[in-house]
Amino acid sequence: TPPPVVFAKNRLEIAVEKGNPQKVKGLADLDKSGLVLVLCADAVPCGKYAAEAFAKAGVTVNPASQEENAKATLSKVSLGEADASVVYATDVQAAKGAVSRVKIPAGQNVIATYPIAVVKEADNPAAAKAWVQFIQTKGAQKTLQKFGFLPA
């Protein structure tokens, strides 16, 4: 079986309440007194990546809560239960304007990679191989980028 290949990448962004009323400009603003920050739990990838980004930025934060995944974290911000969160750029884009985005500079950001491979136990190895090949085509990559993913 061929080894896994990376078919897409993602980056972190700060999701803030629509219009950014707290005037968040970057990771350093997320430790402001009175700002309600929610993050993904440390055990899930978006939590691990956020912790790496804060470490790169030299920022220590005290989140009000840690949620089970990026969607739950983002939901707290879109519902007005939190001022900010750190999630994937694709999640902020998928929120379709329910939140505003604050970009994280490359030097502080963490890139998530998404590998794909045909598993040994695949029921239909030929179809699985075809899918792996398809997801790497220019057209499929263009579609992924339309949804906010970075090129592989």
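Biologist: First, bear in mind that this is a predicted model. What makes Asn 109 count as buried or exposed?

Modeller: Its relative accessible area is 6%. The cut-off for buried is under 20%, so Asn 109 is buried.

Biologist: Where does Asn 109 sit, and what is it in contact with?

Modeller: It's in the loop between β5 (99–103) and β6 (111–116). Leaving aside neighbours within four places in sequence, Asn 109 is in contact with Arg 11, Leu 12, Lys 56 and Ile 104. A polar atom of the Asn 109 side chain also lies 3.0 Å from the backbone oxygen of Leu 12.

Biologist: What makes that 3.0 Å a polar contact?

Modeller: The limit for a pair of N or O atoms is within 3.5 Å, and this pair lies at 3.0 Å.

Biologist: What span does α1 reach, and what is expected?

Modeller: With 13 residues, α1 reaches 18 Å from its first C-alpha to its last, close to the 18 Å expected at 1.5 Å a residue. Just after α1, Gly 58 takes a positive phi of about 70°.

Biologist: And which residues are buried in α5?

Modeller: Ala 140, Gln 141 and Leu 144. Seen down the axis of α5, they fall within an arc of 100°, so they line one face too. The buried residues of α5 pack against β1 (5–17) and α4 (125–135). The face turned away from that buried side carries the exposed residues Lys 138, Lys 142 and Lys 146.

Biologist: Which residues touch the most other members of the largest nonpolar core?

Modeller: Of its 34 residues, they are Leu 12, Ile 14, Leu 27, Leu 30, Leu 37, Phe 54 and Val 86. The largest share of this core, five residues, comes from α1. There's also a second, separate core of nine residues, which includes Ala 8, Val 118, Ala 122 and Ile 135.

Biologist: Now the rings. Why is the pair of Tyr 49 and Tyr 88 called edge-to-face?

Modeller: The centres are 6.3 Å apart, and pairing requires them to be within 6.5 Å.

Biologist: What about the rings of Tyr 114 and Phe 149?

Modeller: Their centres are 5.7 Å apart and their planes are at 80°, so that pair is edge-to-face. Ring pairs link Phe 7, Tyr 114 and Phe 149 into a cluster.

Biologist: Why is Tyr 88 called buried, but Tyr 114 partly exposed?

Modeller: Tyr 88 has 11% relative accessibility, so it counts as buried, being under 20%. Tyr 114, at 24%, counts as partly exposed, and so does Phe 149 with a relative accessible area of 22%. Exposed would need over 50%.

Technical notes
Residues numbered from 1 in each chain as written. Heavy atoms only, no water. Helix = DSSP H or I, 4+ residues; strand = E, 2+ residues; numbered from the N terminus. Buried < 20%, exposed > 50% of the residue type's maximum accessible area, 1.4 Å probe, protein only. Polar contact = N/O pair within 3.5 Å; in protein donor to acceptor, adjacent residues only side chain to side chain. Contact = heavy atoms within 4.5 Å. Arc of directions from axis to C-beta. Core = buried A, V, L, I, M, F, W, Y, C linked by side-chain atoms within 4.5 Å. Expected span 1.5 Å × (residues − 1). Phe/Tyr/Trp six-rings, centres within 6.5 Å; stacked < 30°, edge-to-face > 60°.
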